Amino acid sequence: MTRSPPPPALSPHPPGLGRVPLFETLDDSTRADLTRLCAWKRHGAGEQIIDREGDSQDVHFVVEGTARIMIYTASGRAVALDDVEAGGYFGELAAFDGAPRSASVLAVTPCWIASLSAGHFLRVLGQYPPLALVVMRRLAAVIRAATDRIVELSTLGANNRVQADLLRQAMTAGVDSAGRAVITPIPPHADMASRVSTSRETVARVLNDLARQGLVTRERDVLVVNDVARLEMIVQEVMG
């Protein structure tokens, strides 16, 4: 079994907000002020950061590490909605509407999380309209992605949902001039299964089928999609 490389070690002290792209246009003094306003916490892998239905309204910035947005079905099955990589953020919906949290968030790897109160977050957006526009565009992208997933869950079989998820990962990784995409590290079968509501066995079977067709290749710690255009055609043919 191919194992992913261990995540990089966390900084020993809070690393500051300079690594968060949302704030990259702010001057150093303003960014330093925001850094001081944040509550900083290190989370171990697997540790819960926020709980669904919780009443906190802070906005959380993943400064180092990776966090995962999750929901749980009535039977207790975990469904992964998205991974938030270093530089990303989550929790802004509660800051905007004051409603309880709509999902839980777990640390996938050890994380440094900076938490900014809703009041401070909204004040910054009011003072710096370009930042507000960035946040609105991100929310628009989240809504579009959620719509795509709803369509897939309601119209595609499990095998095709795995193919569609692989295509999304390939597009995110970037397609080179040869039409290939290199996904690194190799996505765990359990993670893919959680995202598309199927079993790890189904994910393994679909990836093995694609490998036999020459569409994907496992190379050490990476998964190579050898023909992204062909994979996209397979997905589009099923979706109509």
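## Cysteines

How many disulfides does a search of the whole structure find? The search finds zero, a disulfide being a pair of cysteine sulfur atoms within 2.5 Å. C38 is in no disulfide. The nearest cysteine sulfur to that of C38 belongs to C111, 15 Å away. C111 is likewise in no disulfide.

Both residues are shielded. C38 is buried at a relative accessible area of 9%, and C111 is buried at 0%. Buried means under 20% relative accessible area, exposed over 50%, and partly exposed in between, with a 1.4 Å probe and protein chains only.

## Basis of the model

This is a predicted model, in which local features need pLDDT of at least 70, side-chain atom pairs count only at pLDDT 80 or more, and totals for chains, interfaces and linings use all residues. Residues are numbered from 1 along each chain as its sequence is written, and side-chain values use heavy atoms, with hydrogens and water left out.

## The cavity

The structure holds one cavity of 30 Å³ or more. A cavity is a set of points, on a 1 Å grid over the protein atoms alone, where a 1.4 Å probe fits but cannot get out. Grid points are joined across faces, edges and corners, and the volume is the space filled by probe spheres set on the points. The largest cavity has a volume of about 30 Å³.

R149, E152, L153, R161, R168, R195 and V196 line the largest cavity; lining residues have an atom within 4 Å of a point. Elements giving two or more residues to this lining are α4 (129-155), α5 (158-173) and α6 (189-196). Helices (H or I, at least four residues) and strands (E, at least two) are DSSP runs, numbered from the N terminus. The largest share, three residues, comes from α4.

By class, the lining has two nonpolar, no polar and five charged residues. Here Ala, Val, Leu, Ile, Met, Phe, Trp, Tyr, Cys and Pro count as nonpolar, Asp, Glu, Lys and Arg as charged, and the others, Gly among them, as polar. Domain 1 (21-154) and domain 2 (156-237) both give residues to the lining, so the largest cavity lies between them. The domain bounds come from an automatic or database domain assignment.

## Helix α5

α5 has 16 residues and reaches 23 Å from its first C-alpha to its last. That is close to the 22 Å expected at 1.5 Å a residue, the expected span being 1.5 Å times one less than the number of residues. Buried residues of α5 include R161, V162, L166 and L167. Just after α5, G174 takes a positive phi of about 100 degrees.

How values were computed
On a 1 Å grid over the protein atoms alone, a cavity is a set of points where a 1.4 Å probe fits but cannot get out, and a pocket is an open set with protein on both sides within 12 Å along at least five of seven lines; lining residues have an atom within 4 Å of a point.
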